[in-house]
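I opened my notebook to look up a few things in this structure. Here is what I jotted down, entry by entry.

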Amino acid sequence: MPTYPDISCETFRHPLDRQAEQALRSLPGFDLVATQFIKFFYERPQMVYHMGNSIQVGARQYSSVYQIFRECVRDLDISPEPVLFVSQTPVVNAYALGQEEPNIVLNTGLLDLLTPTEIRTVIAHELGHLKCGHTILIQMATWVISTANYIGARTLGLGNLVSSGLIFAFYEWKRKAELSADRAALMVMDDLKPVMQTMMKLAGGSIQYGHECSLDEFIRQAERFQELDQDSLNQVYKFLLYNNFPQNLFLTHPFAVERITYLQQWANSAEYGQIRQGNYPRSPAQNAVNVQTESSPSAATEDLRRQIEELQREIERIKKRGEE
């Protein structure tokens, strides 16, 4: 497996991730949300919970998983080493949390479904989130969405600033952030096939019938999915599936077949070829990000911000019509 000494997260940060984050930070209400989040929410409770109710992975606990984990930490040059937990949860999932005390949680459902190679892919993906500093914004988004409607202005002073537009922007950024983490997984694996295989399993893998699944067929499914965009109505359906405003349901990840398409494009790019040769931006080991607003967003960021604000206005118009 390749290693990337002193690698900067900008090496693999997807442009859509960068643009969506800048647009999010520039929205009215973001500064207030960030301030209130830091004031009222801490990462420590999550660490205490997993320390008390999960298994901390180490040399004598899940030793083979720990070996994979340490190799991935080395490959992406992450310091300090995050804490790794295994949680007794049947849902096939993994996630990264924390900024001051970064940690990764693997569910037992994921360990039971995936091979060691595929587990390496997932761990590298989650480490990619930490390397890019995604976790603070992910935790902020989770906190805002779960508490804003419940306690609102009476307790935290968020009021109307936690609007549908801001929540939309959080989710839009979260989905784009996954594309950067996918790139981190590809860099560590240095092979597109196991990364795509992992995504296929996460989409609909089965322990009993997994041998009947074909990655080639799943790739063809991804190609057919892209062809749906030729019909503008299908594009509307995609948007509504990602953002179900009436029921306040939003997808946190891009569709698996779209992630495969993005990765294939990057794997075949000259940019990735240069990275494989060791030509990439370098910086000291990093896994944190501050929560200050970006002061000079790019033209693409401004365009995305305008789209979000226009969407917010349209949401308000729909709400008003419903109240009449």
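**Entry 1: helix H4.** I started with helix H4, which covers residues 63-75. I am working with a predicted model, so I keep that in mind throughout. At 1.5 Å a residue, the 13 residues of H4 should span 18 Å, and I found the end C-alpha atoms 18 Å apart, so the two values agree. Next I asked myself: which residues of H4 are buried? My list reads Val-65, Tyr-66, Ile-68, Phe-69, Glu-71, Cys-72, Val-73 and Asp-75. I also looked past the end of the helix, where H4 is followed by Asp-77. The phi of Asp-77 is positive, near 55 degrees.

**Entry 2: helix H1.** I repeated the length check on helix H1, residues 15-26. Its 12 residues, at 1.5 Å each, should span 16 Å; the end C-alpha atoms lie 17 Å apart, which agrees. In H1, I noted Asp-17, Ala-20, Glu-21, Gln-22, Ala-23, Leu-24 and Arg-25 as buried.

**Entry 3: Arg-25.** I stayed with Arg-25, which lies in helix H1. Is Arg-25 buried or exposed? Its relative accessibility is 2%, so Arg-25 counts as buried, the cut-off being under 20%. I then looked along the chain to Phe-170, which is 145 residues away from Arg-25.

**Entry 4: salt bridges.** How many salt bridges does the count come to? I get 17 salt bridges. I followed one network, which links Glu-10, Arg-13, Asp-17, Arg-18, Glu-21 and Arg-25. These are the pairs I wrote down from it:

- The side chains of Glu-10 and Arg-18 meet at 2.9 Å, N to O.
- Asp-17 and Arg-13 form a salt bridge at 3.5 Å, N to O.
- Glu-21 and Arg-13 also form a salt bridge, at 3.5 Å, N to O.

Glu-10 is partly exposed because its relative accessibility is 35%, and Arg-18 is partly exposed with a relative accessible area of 28%. Asp-17 is buried, with a relative accessible area of 0%. Arg-13 counts as buried at 8%, and Glu-21 counts as buried at 10%.

**Entry 5: the cavity.** About 40 Å³ of space lies in the largest cavity. Which residues line the largest cavity? I listed His-14, Leu-179, Asp-182, Arg-183, Arg-259, Tyr-262, Leu-263 and Trp-266. Helix H8 (164-189) and helix H12 (256-267) are the elements that give two or more residues to this lining. H12 supplies the largest share of the lining, with 4 residues.

**Entry 6: a nonpolar patch.** My last stop was the surface. Which residues make the nonpolar surface patch of about 450 Å²? I wrote down Leu-233, Val-236, Tyr-237, Phe-239 and Leu-240. I picked out Phe-239, which is found in helix H11, residues 232-242. Phe-239 has a relative accessibility of 32%, so Phe-239 counts as partly exposed.

Conventions
Residues are numbered from 1 along each chain as its sequence is written. This is a predicted model: local features need pLDDT of at least 70, side-chain atom pairs count only at pLDDT 80 or more; totals for chains, interfaces and linings use all residues. Side-chain values use heavy atoms; hydrogens and water are left out. The expected span of a helix is 1.5 Å times one less than its number of residues. Buried means under 20% relative accessible area, exposed over 50%, partly exposed in between (1.4 Å probe, protein chains only). Patches are made of residues with over 30% relative accessible area and no salt bridge: like charges are joined within 9 Å, nonpolar side chains (Val, Leu, Ile, Met, Phe, Trp, Tyr) within 5 Å. Accessible areas come from the Shrake-Rupley method with a 1.4 Å probe; for residues, only the protein chains shown count as cover. A salt bridge is a side-chain nitrogen of Lys or Arg within 4 Å of a carboxyl oxygen of Asp or Glu. On a 1 Å grid over the protein atoms alone, a cavity is a set of points where a 1.4 Å probe fits but cannot get out, and a pocket is an open set with protein on both sides within 12 Å along at least five of seven lines; lining residues have an atom within 4 Å of a point. Grid points are joined across faces, edges and corners, and a volume is the space filled by probe spheres set on the points.
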